[in-house]
Amino acid sequence: MIKVLIVDDEKAICDLIDLNLSSAGYHCSTVQDGLEAIDKIEKENFDLILLDIMLPGADGYDIMEYIRPLGVPVIFITAKHEVKDRVKGLKLGADDYLVKPFDVVELVARVEAVLRRYNKTEQQLTAGDVVVDVDAHRVTKAGRAVELTNKEFGLLVLFMKNKNVALFRETLYEKVWEDEYFGDSRTLDLHVQRLRKKLGWDHNLVAVYKVGYRLEGIE
């Protein structure tokens with residue numbers, strides 16, 4: 001399992017990231033202090049580090065200097081939004097830079113993109129008895145193949161990577177259809193209904209009022 005270290009002095013943000021990445025299948029550890037982060041990095045191996053800049057003990061830039069020789073990918077997640085801050089972080093060797101506040105779906109997508117560059121992505125996603133082989137574009141339920149359209153497959157991957165997270169209709173449509181959302185949800189709703197039927201997820205793939213959909217009650 002992919003191991004991610006989350007370093008942020010705000011526990012609420014650590015918990016939010018931990019919840020969403022854990023739901024997407026990652027194993028997460030969290031720390032709120034820079035020196036504690038360095039100690040943890042010395043003792044454990046991580047596949048990715050999400051790093052705040054403004055930290056007690058040692059700031060993110062100092063930690064980045066320590067991490068760089070280890071070859072571990074790093075994404076800065078910080079409230080420092082000025083161009084000079086982004087440039088400094090990237091010049092120090094960070095692989096990406098995400099400004100707070102952020103959308104959790106975008107965070108998961110950026111994590112996946114960085115891990116792909118390092119060939120560290122998980123090839124399979126699971127939710128109950130449903131298994132998705134992302135690379136092979138194959139879906140099975142209880143060991144039996146399930147035939148999905150490309151759009152249904154794209155929606156399924158998004159839901160499985162964001163378990164227990166309410167996903168906006170706009171996000172789902174723009175990610176899967178790769179087009180701007182204009183408020184007509186009939187096409188999206190139809191695909192979700194077909195996905196429910198094919199996977200037997202009538203009570204798991206639920207509509208969230210004025211938001212979109214959420215995959216829940218299944219691990």
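Predicted model: local features only at pLDDT ≥ 70, side-chain atom pairs only at ≥ 80, totals over all residues.

H137 sits in the loop that links β7 to β8, and its phi is positive, about 55°, although H137 is not a glycine. In general, most residues other than glycine have a negative phi, and most peptide bonds are trans.

A142 also has a positive phi of about 55° and is not a glycine. You will find A142 in the loop between β8 and β9. Its relative accessibility is 60%, so A142 counts as exposed. A further backbone feature is the cis peptide bond between K100 and P101, where omega is about -10°. P101 belongs to the loop between β5 (96-99) and α5.

**The sheet of four strands**

An open sheet of 4 strands runs in the order β6-β7-β8-β9, and its pairing is antiparallel. Which strands stand at the edges? They are β6 and β9 (144-145); each has a single partner strand, so one side of each is left without a neighbour in the sheet. Strand β8 (residues 138-141) is joined to β9 by 2 bridges, and the two run antiparallel. Within this pair, T140 stands opposite A145 of β9. Helix α6 packs on the sheet and touches β6, β7 and β8, with a direction that makes about 110° with that of β7.

**The sheet of three strands**

Another open sheet has 3 strands in the order β10-β12-β11, again with antiparallel pairing. Here β10 and β11 stand at the edges with a single partner strand each, so one side of each is left without a neighbour in the sheet. Helix α6 packs on this sheet too, touching β10, β11 and β12, and its direction makes about 60° with that of β12.

Strand β11 (residues 205-208) and β12 run antiparallel and are joined by 4 bridges. They form a hairpin with 3 residues between them, and K210 in the turn has a positive phi of about 60°.

| Residue | Facing residue in β12 |
|---|---|
| L167 | Y213 |
| L205 | L215 |
| V206 | R214 |
| V208 | G212 |

Beyond β12, the chain continues into a segment that holds E219. Is E219 buried or exposed? At 63% relative accessibility, E219 counts as exposed. Not counting residues up to four places away in sequence, E219 touches T126, A127, G128, K163 and N164. E219 and N204 are 15 residues apart in sequence, and their C-alpha atoms are 11 Å apart in space.

Leaving aside neighbours within four places in sequence, V139 is in contact with several residues, among them V130, V132, R144, V146, F153, L156 and L199.

**How α1 meets α5**

In general, two packed helices are described by the angle between their axes and the distance between the axes. The axes of α1 (residues 11-23) and α5 come within 10 Å and cross at roughly 65°, and the crossing is right-handed. On the α1 side the contact is made by L16, I17, N20 and L21, and on the α5 side by V104, L107, V108 and V111. By class, this contact has 7 nonpolar residues, 1 polar residue and no charged ones.

How values were computed. Residues numbered from 1 in each chain as written. Heavy atoms only, no water. Contact = heavy atoms within 4.5 Å. Axes fitted to C-alpha atoms, helices over the stretch in contact; angles between N-to-C directions. Left-handed = near helix turned anticlockwise from the far one by under 90°. Nonpolar A, V, L, I, M, F, W, Y, C, P; charged D, E, K, R; others polar. Pairing = 2+ DSSP bridges. Buried < 20%, exposed > 50% of the residue type's maximum accessible area, 1.4 Å probe, protein only.
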